[in-house]
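Student: I would like to go through this model and ask what stands behind the terms used for it. Please set each value against its definition.

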Amino acid sequence: MANVEVGRDSKPGVASEEQTRPDRSYRPNVDILETADGLRLWADVPGVDESGIDVELVDDVLTIRGRVSAAEYESLQPAYTEYSVGNYEARFRLSHTIDGSRISAKLANGVLELSLPKVETAKPRRIQIN
Amino acid sequence: MALFTYGRDVPANPLFRLQEDLKRAFESPFGHGLGLFGRGVRPAINIFKRAGTEDVVVVIEAPGFAPADISVESQGQTLVVSGKPAGQAAAEGAYHRRERVTGEFSRSIQLPRDVDPARATATCKNGVLMLTVPAREEIKPRQISVTGG
């Protein structure tokens with residue numbers, strides 16, 4: 001019954017801007033949950049604080065960007081590594097059932113949580129039978 | 001005369017420099033002697049040496065974990081890092097996407113003898129845990145004064 005289109009932009013190469021910085025960005029792991037009232041989205045962005053996060057809605061494309069600071073790694077030399085460190089970026093195309101003006105976001109412990117409420121007309125309704 | 005020159009290999013961007021360093025270190029043999037248990041198990045760890053010292057810095061990405069959710073224990077040369085997320089209210093609905101890994105974790109890291117896990121310090125900020133394990137005093141170079149008669 002999922003009538004909300006949450007698929008990632010199918011043409012990221014076209015939609016994404018030209019990279020001007022030499023570093024690599026990573027796509028965060030996300031959870032997307034649909035409830036009766038809307039969507040909830042969680043994105044793992046460890047190392048990003050409030051000043052480094054950017055959530056933007058242009059037309060129906062929601063963009064999440066997180067910048068990590070390399071300052072803490074100053075004077076550290078990698079000895080053994082299992083993961084790389086980079087900025088985060090993800091794009092989602094929202095369906096028109098989402099009320100873009102009421103999207104809210106919070107960031108805690110490196111997890112960005114977005115609440116994307118549905119427009120009233122898109123919420124499930126029980127129709128009374130007389 | 002240019003005071004600073006940035007060669008092709010030394011970009012000015014610190015994040016890029018870090019990424020290049022990490023890429024090189026992926027093939028480093030250092031990790032094999034570490035006795036890392038649960039390899040490939042969440043969460044991933046990076047191990048650094050602080051330049052100019054023998055101090056070891058262990059970095060673990062644990063998004064969603066508050067400092068109070070994480071415990072670090074030292075047993076001999078082993079550091080055991082475990083996390084238990086605060087209970088999350090189960091949300092009603094259907095998942096469209098479920099990529100995040102949440103839940104309890106535990107990892108053990110066997111450290112070289114040169115460092116002292118008993119004196120390790122830990123900070124957790126924005127879902128990144130950073131453990132600093134200082135070098136043992138006895139391995140630090142010491143100047144021995146020479147006396148003569």
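Tutor: Five bridges join strand S6 (residues 76-81) of chain A to S1(B), and the two run antiparallel. The model is predicted: local features need pLDDT of at least 70 and side-chain atom pairs count only at pLDDT 80 or more, while totals for chains, interfaces and linings use all residues. Residues are numbered from 1 along each chain as its sequence is written, with chains lettered from A and ligands numbered from 1 in the order in which they are written.

Student: Which residues make up the contact between chain A and chain B?

Tutor: Chain B gives 44 residues and chain A gives 39; two residues are in contact if their C-beta atoms, placed from the backbone, lie within 7 Å. On the side of chain B that touches chain A, H1(B) gives the most, with nine residues.

Student: Why is Asn109(A) called buried?

Tutor: A residue is buried if 20 or more other C-beta atoms lie within 10 Å of its own, exposed if 12 or fewer, and partly exposed in between. Asn109(A) has 20 such neighbours, so it counts as buried. Asn109(A) is in the loop between strand S8 (104-108) and strand S9 (111-117) of chain A, and has a positive phi of about 50° although it is not a glycine.

Student: Is Ser75(A) buried or exposed?

Tutor: Ser75(A) has 12 other C-beta atoms within 10 Å, and is therefore exposed. Ser75(A) is in the loop between strand S5 (61-66) and S6 of chain A. Phi of Ser75(A) is also positive, near 70°.

Student: How do you know where confidence in chain B is lowest and highest among its elements?

Tutor: By pLDDT, the predictor's confidence in each residue, from 0 to 100. In chain B the lowest mean is 76, in H1(B), and the highest is 95, in S8(B). Over residues 31-40 of chain B, pLDDT stays under 50. Where pLDDT is low, the predicted coordinates should not be read in detail. For the complex, the predictor gives an ipTM of 0.77 and a pTM of 0.76.

How values were computed: Helix = DSSP H or I, 4+ residues; strand = E, 2+ residues; numbered from the N terminus. Pairing = 2+ DSSP bridges.
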